[in-house]
Amino acid sequence: MKIPFFRSLRFKVGVGYVFLVVINVLLTAWAIYNFIGLTQSTNILLTENFPKMISLENMARSVERHENALSLVLTQDLANGKLRFNEAKYEFYRNFRIAEKDSTHPDLELILSDISATYAGYLLVADSLFLMADGGSYGEAKTFYYDRITPFSKRLIDNCFWLLEENQKTLVEIESRLMQ
């Protein structure tokens, strides 16, 4: 007795195999589509926010370079200290402009304005230190450094890292919105 082709085992295995291949192709297409979306959202996050994150870290590093320059001034290397201080100031402003660009979150703007005001005060007290060092009163300059300048630098570094943390929170919020 001959079994009809559509009821044969060969047909059933073939249909099952084709069915599995179709499911596999559909799942592969779906995975590729989702990976493309993930890649696009990751690129958006990295191109918009990664340079800002790096600039915030560099702002904190430039404050540390300011401190190193002021240490040179206190060790009576005034010319080299002023030169390094000015280089660090340029670096700070450059990174501050990057961090300031496209800042739309109100909390970030408040932190940026606080950093700006603190940095302006920091520059004023640093100028006073330079004047003391120019006058040759290094003992008084060291006391002034520890009493007046150190709190400004600590606050600047803390604010830079606070801004970095807030920016990372904003980044996580944006990422979660992109993933939905």
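This is a predicted model: local features need pLDDT of at least 70, side-chain atom pairs count only at pLDDT 80 or more; totals for chains, interfaces and linings use all residues.
View 1. H2 has 23 residues. Its first and last C-alpha atoms lie 32 Å apart, close to the 33 Å expected at 1.5 Å a residue. Buried positions in H2 are Leu78, Gly81, Phe85, Ala88, Glu91, Phe92, Asn95, Phe96 and Ala99. Residues three or four places apart in an α-helix point the same way, because there are 3.6 residues a turn.

**View 2. The largest nonpolar core.** This core holds 37 residues, and those with the most contacts inside it are Met59, Leu70, Phe85, Phe92, Ile115, Leu129 and Ile149. Helices H1 (9–74), H2 (78–100), H3 (106–135) and H4 (138–179) each give two or more residues to the core. H3 provides the largest share, 13 residues.

**View 3. Surroundings of Ile115.** Leaving aside residues up to four places away in sequence, Ile115 touches Met59, Phe92, Phe96, Leu156, Asn159, Cys160 and Leu163.

**View 4. The ring pair Phe92 and Tyr119.** The whole structure contains 8 aromatic pairs. In the pair of Phe92 and Tyr119, the ring centres are 3.8 Å apart and the planes meet at 20°, so the pair is stacked. Phe92 belongs to helix H2 and Tyr119 to helix H3, 27 residues apart in the chain. Both Phe92 and Tyr119 are buried.

**View 5. The ring pair Tyr145 and Tyr146.** With centres 5.0 Å apart and planes at 75°, these rings form an edge-to-face pair. Tyr145 is buried, at 9% relative accessible area, whereas Tyr146 is exposed, at 56% relative accessibility.

**View 6. A cluster of aromatic rings.** Phe85, Phe92, Tyr93, Phe96, Tyr119, Tyr122 and Phe130 are linked into a cluster by ring pairs.

Definitions and conventions: Residues are numbered from 1 along each chain as its sequence is written. Side-chain values use heavy atoms; hydrogens and water are left out. A nonpolar core is a set of buried Ala, Val, Leu, Ile, Met, Phe, Trp, Tyr and Cys residues joined through side-chain atoms within 4.5 Å. Buried means under 20% relative accessible area, exposed over 50%, partly exposed in between (1.4 Å probe, protein chains only). Helices (H or I, at least four residues) and strands (E, at least two) are DSSP runs, numbered from the N terminus. Contact means heavy atoms within 4.5 Å. The expected span of a helix is 1.5 Å times one less than its number of residues. Rings of Phe, Tyr and Trp (its six-membered ring) pair if their centres lie within 6.5 Å; planes under 30 degrees apart count as stacked, over 60 as edge-to-face and the rest as tilted.
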